Amino acid sequence: MNTPSKLLPLFFALILFLILSISLLNTHFSLFTAIKIICRRTYKTSHGLATTSNQRDRNIDHSSSISRAISPNISECFPAGLPSNAITGTDCCPSKPSFSKLIDFKDFASPNATLRVRRPFHLLDEEYIAKFEKGIALMKALPDDDPRSFIQQAKVHCAYCNGAYHLYHPFQDTKLDIHRSWFFFPFHRWYIYFFERILGNLIGDPEFALPFWNWDSIEAMHMPSCFTNPNSSLFHELRNQKHLPPHVVDLNYAVGNVDVPSHQQVLYNLATMYKQMVLASTTELFMGSPFRLGDNPRPGIGSVEAAPHNTVHTWVGGADTPHHEDMGTFYTAARDPIFYGHHSNLDRMWAIWKTLGEGRREYSDQDWLDSEFFFYDENADFVRVKVRDCIDTKNLGYVYQDVDLAWLRTPPTSRKSKLLRQKKKAQVLSWKPRKLPLVLDSITSVIVKRPKKLRSREEKEEEEEVLVIEGIEFGSDKYVKFDVHVDDDEERLSGPDETEFVGSFVHLYHGHGHNISTGFKVGLSKVLENLEAEEDDDVLVTLVPRVGKGEVTLGNIKIEFIPREPKD
């Protein structure tokens, strides 16, 4: 009697595969994956809750569509994947949750509520900084097993970023990592939101708002001084001592970079921000690539996650620790109080990006919106949240103070003539073409064919021309950075404030024992327009290894056209 019902998942998977086979052949999605997703929908557990029949009904998705949303199996926590010589152990599991007390997030701000205003550190008065210091001190003083304690909050980041949580059966071998995909921004928004609420509760101020390190502002391009006082709870020993104030932060930093004069670094930073925010005009370019059940869990990094997110992590991290711990690696980064100011500004970047025009908006894909994470709140209650509920910061009760965006007025420029660029391209065309895949062990230039040229203004408004680097592979324990240039001169490469320098791929130390395969995308429409190269049949792409030379393999390089507004 039970056999036919058990075969239903397989039957529906076969039907799904036949219907979608043509479109799915071009993705990582397979018949095997479809069967696994159907089985997961049918047999998914309810997080260990002792449920009544009515509660069980609410845990069943009765819709006809097949969800590929992500939900970590937080009932099990495994040793984190760390480099072999990491300065910490592999146990970064947060306090074991009490599933009987699991609640769904419903604490939305009312429409008439007074919103908390997150302000930049460099504009705070001593009284507000003292409140922040007190909150961190009280959090550090909590018992280590209190889920609200500073060490437990740091473990949350490690668990979600270094594979301590896996997905549900039958995807239990997939280790969750919220970096290098479309989950980077929503996870960290929720993470620092609950951190902020815990701080406010500990200091008795529910209106407390987490400040942000405004590293994109000329006045704040150095480590906030409140983090450098040895007597403060904000002080942390494992930081690069050469990068303390008044040293100007390098938003496109790589270990081994040669320091430039402060005024030049400021210009580099402003141009970097323009590229990462303005030129990343599509949702995928800015937010990262989709990761659904059955997909490669590290599909592709977004612009701001690569830099300044990864780069500032490394810039702050210790110069004498094996992997630039603490800030320089995800498994220890949240042990440094400056982490939260850094990510508050990154969250602000998401809020700003949506205001820059050209139809910018988040994904509307249900698999993204329905994906969920789990956190402890200020009452130590275990809370389940969904991506869809964090899209508008006002619903969470906060906004950011408006600060001048000098980088909006500082676009990169080209100092090379069109004639010189064409000459260099012709020279590379005369060489024996480089075959892909290739090991990036030296500066490498390849010619990439453009599928279409001389697009109309309407076509440009609808689609962004995008350089796509596929099959980027390297060991998970490697620190990797390579720069990408377009129509440039290998012998006289452009700097970060020049148009030809279009972006950087950056990966921090992340584990050991496995290879990572991911991708990287860079917008080209405005770049080619500014270089007067819209009539060209192809693009000269130059790849410059900065860190990890010879450790990276590139599978393919091509150009695609991506809709500016994501399709549902």
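Which residues in H5 meet which residues in H6? Start the tour there.

**Before you select**

This is a predicted model, in which local features need pLDDT of at least 70 and side-chain atom pairs count only at pLDDT 80 or more, while totals for chains, interfaces and linings use all residues. Residues are numbered from 1 along each chain as its sequence is written, and side-chain values use heavy atoms, with hydrogens and water left out.

**Stop 1: H5 against H6**

Select residues 150-161 for helix H5 and residues 184-202 for helix H6. Helices here are DSSP runs (H or I, at least four residues) and strands are too (E, at least two), numbered from the N terminus. On the H5 side, pick Phe150, Gln153, Ala154, Val156, His157 and Tyr160. They meet Phe187, His188, Tyr191, Phe195 and Ile198 in H6; contact means heavy atoms within 4.5 Å. By class, this contact has eight nonpolar, three polar and no charged residues. Ala, Val, Leu, Ile, Met, Phe, Trp, Tyr, Cys and Pro count as nonpolar, Asp, Glu, Lys and Arg as charged, and the others, Gly among them, as polar.

Now look along the axes. The packing angle is about 175 degrees, and the axes are 12 Å apart. Axes are lines fitted to C-alpha atoms, for helices over the stretch in contact, with angles from 0 to 180 degrees between N-to-C directions. H5 and H6 are therefore roughly antiparallel (over 145 degrees).

**Stop 2: Lys526 and Glu358**

The structure holds 41 salt bridges. Each is a side-chain nitrogen of Lys or Arg within 4 Å of a carboxyl oxygen of Asp or Glu. Select Lys526 and Glu358, whose closest N and O atoms are 2.8 Å apart. Lys526 sits in helix H14 (residues 525-530), and Glu358 in the loop between H10 (338-353) and H11 (366-369), 168 residues apart. Lys526 is partly exposed at 28% relative accessibility, and Glu358 is partly exposed at 34%. Buried means under 20% relative accessible area, exposed over 50%, partly exposed in between (1.4 Å probe, protein chains only).

**Stop 3: Arg546 and Asp483**

Go to strand E14 (residues 538-547) for Arg546 and to strand E11 for Asp483, a pair tying together parts 63 residues apart in sequence. This salt bridge has its closest N and O atoms 2.8 Å apart. Asp483 is buried at 3% relative accessibility. Arg546 is partly exposed, at 42%.

**Stop 4: a network**

Finish with Arg116, Arg118, Arg189, Glu196 and Asp347. Salt bridges link these residues in a network.

Terms used:
Parallel < 35°, antiparallel > 145°, perpendicular 65-115°, else oblique.
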